[in-house]
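Hi,

Here is the structure I promised to pass along. Have a look, and my notes follow below.

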Amino acid sequence: MARKARALAATAGTPRERDLIAALIPRYLPGKDTHARDVAYAAAMQKVAARYPADNEIAVLTADALMVSAFVEDADDFDHPAMDRAIALLEAALKRAPEHT
């Protein structure tokens, strides 16, 4: 489905939309290792967030991707740096738009 969205956005989408769709592709690749796909999606979303640093929607989507990627099933702990990056993105978004929750 993400590949179909990418094909459609190639002719009609904005650069922002194309970047977001491209970031989704790794998340929906075939395979059973969902954690690896979550990590790949989080990495792709961080690149999108770097291109649009003032975009609160992208910041929140990126923070969500980082938080999901930070947890590994059956692990006793989580990826603290990923959570720290997520928190920083959310704090910046809230600072820019404190009433937009």
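Predicted model: local features only at pLDDT ≥ 70, side-chain atom pairs only at ≥ 80, totals over all residues.

Let me start with Arg37, which sits in helix H3, residues 34–51 (helices here are DSSP runs of H or I, at least four residues, numbered from the N terminus).

Residues are numbered from 1 along each chain as its sequence is written, and side-chain values use heavy atoms, with hydrogens and water left out.

Back to Arg37: it is buried but has no salt bridge, and the nearest side chain of opposite charge, Asp38, is 6.3 Å away. Buried means under 20% relative accessible area, exposed over 50%, and partly exposed in between (1.4 Å probe, protein chains only). A salt bridge needs a side-chain nitrogen of Lys or Arg within 4 Å of a carboxyl oxygen of Asp or Glu; for charge, Lys and Arg count as positive, Asp and Glu as negative, and His and the chain ends are not counted. Leaving out residues up to four places away in sequence, Arg37 touches Pro26, Arg27, Leu29, Pro30, Gly31 and Lys32 (contact means heavy atoms within 4.5 Å).

Next, Val68 in helix H4, residues 56–70. Val68 is partly exposed, at 33% relative accessibility. Beyond its neighbours within four places in sequence, Val68 contacts Arg27 and Asp38. Val68 and Tyr41 are 27 residues apart in sequence, yet 9.8 Å apart in space, C-alpha to C-alpha.

Cheers

How values were computed. Helix = DSSP H or I, 4+ residues; strand = E, 2+ residues; numbered from the N terminus.
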